[in-house]
Amino acid sequence: MNRSTNVLIFISFFFLSFTGNLNLVDASDTASVILNSGNFEQLVMQSKDVWFVLFGAPWCPYVKQLKPEWDKASKALEGKVKFGELDCDVENDIQARFGVTGFPTVFAFGPDKCAPPTGLTERTADALEKAGLSYYDKAQGCKMEF
C-alpha cells in the first residue's frame with residue numbers, strides 16, 4: 001500500500017470511531033435511548049415505566065429494516081412508553097441474561113420487573129404503537145410498588 005492509501009484508511013477509521021454505529025437517523029427523529037451495562041439496570045430494571053427494548057446489532061439487516069419503524073413508534077409513544085436499544089455486539093452479558101440469540105429481539109418490560117419480559121413480534125410503527133398503548137393502559141391500572 002502506498003502512503004495515500006494508508007492516510008485514507010486512517011481517516012476512515014478516525015471518522016468511524018466518532019460516528020459510532022453509523023445511525024443514519026437524526027437523533028431528533030427518535031425518542032429511543034441507547035442502553036448499555038452502565039445504564040440498563042437504572043433506566044429499565046429499576047423503573048416503574050413500561051419499556052420496549054430492542055436487542056440487536058448495527059450490522060444486522062433486519063435491525064436496519066426495523067429501525068425507522070422503531071423510531072416512529074418511539075416518538076409517537078413518547079411520555080407513555082420508553083424505548084431503548086441495546087447493541088449486543090458490545091453488551092454480551094445483558095444479551096445472555098435475557099437469552100437473546102437472534103436479531104432483532106424486542107422485549108416489553110412492564111412495571112413489574114420481577115415478571116419476565118414479554119417478547120414482541122411487532123415490526124411496524126403502527127403495531128408497536130398499539131402494543132405500547134396496551135402495555136401503558138395495563139400499567140395505569142397496576143399498583144406499582146418497589
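The legends below describe close-up views of a predicted model, in which local features require pLDDT of at least 70, side-chain atom pairs count only at pLDDT 80 or more, and totals for chains, interfaces and linings use all residues. Residues are numbered from 1 along each chain as its sequence is written, and side-chain values use heavy atoms, with hydrogens and water left out.

**Figure 1. Overview of the protein chain, with five helices and five strands.** Helices (H or I, at least four residues) and strands (E, at least two) are DSSP runs, numbered from the N terminus. Read from the N terminus, the elements follow the order α-β-α-β-α-β-α-β-β-α. Of the 146 residues, 36% are buried, that is, under 20% relative accessible area, with exposed meaning over 50% and partly exposed in between (1.4 Å probe, protein chains only). Contact means heavy atoms within 4.5 Å. Among contacts between residues at least 6 apart in sequence, 74% join residues at least 24 apart.

**Figure 2. The open, mixed sheet of five strands.** The strand order is β1-β3-β2-β4-β5, where two strands pair if DSSP finds at least two bridges between them. Strands β1 (33–35) and β5 (118–120) form the edges, each pairing on one side only. From one strand to the next, the twist averages 30°. Strands β1 and β3 (residues 81–87) run parallel and are joined by three bridges. V33 has G84 in β3 as its bridge partner.

**Figure 3. Helices α3 and α5 against the sheet.** Helix α3 lies across β2 (50–56), β3 and β4 (105–109), at about 155° to β3. Axes are lines fitted to C-alpha atoms, for helices over the stretch in contact, and angles run from 0 to 180 degrees between N-to-C directions. Helix α5 (residues 125–140) also packs on the sheet, where β2, β3, β4 and β5 are touched by this helix. The direction of α5 makes about 140° with that of β2.

**Figure 4. The largest nonpolar core, of 19 residues.** A nonpolar core is a set of buried Ala, Val, Leu, Ile, Met, Phe, Trp, Tyr and Cys residues joined through side-chain atoms within 4.5 Å. F52, W70 and F83 touch the most other members. At least two residues of this core come from each of β2, α3, β3, β4 and α5, and α5 gives the largest share, five residues. Beyond four places in sequence, the contacts of F83 include V33, W51, F52, W70 and L77.

**Figure 5. S74 in helix α3 (residues 61–76).** S74 counts as buried because its relative accessibility is 1%. Apart from neighbours within four places in sequence, S74 is in contact with T30, A31, S32 and F83.

**Figure 6. F40 in helix α2 (residues 40–45).** F40 counts as buried because its relative accessibility is 1%. Not counting residues up to four places away in sequence, F40 touches L35, M45, V53, L86, I94, R97, F98 and F109. F40 and L86 lie 46 residues apart in sequence, with a C-alpha to C-alpha distance of 8.9 Å.
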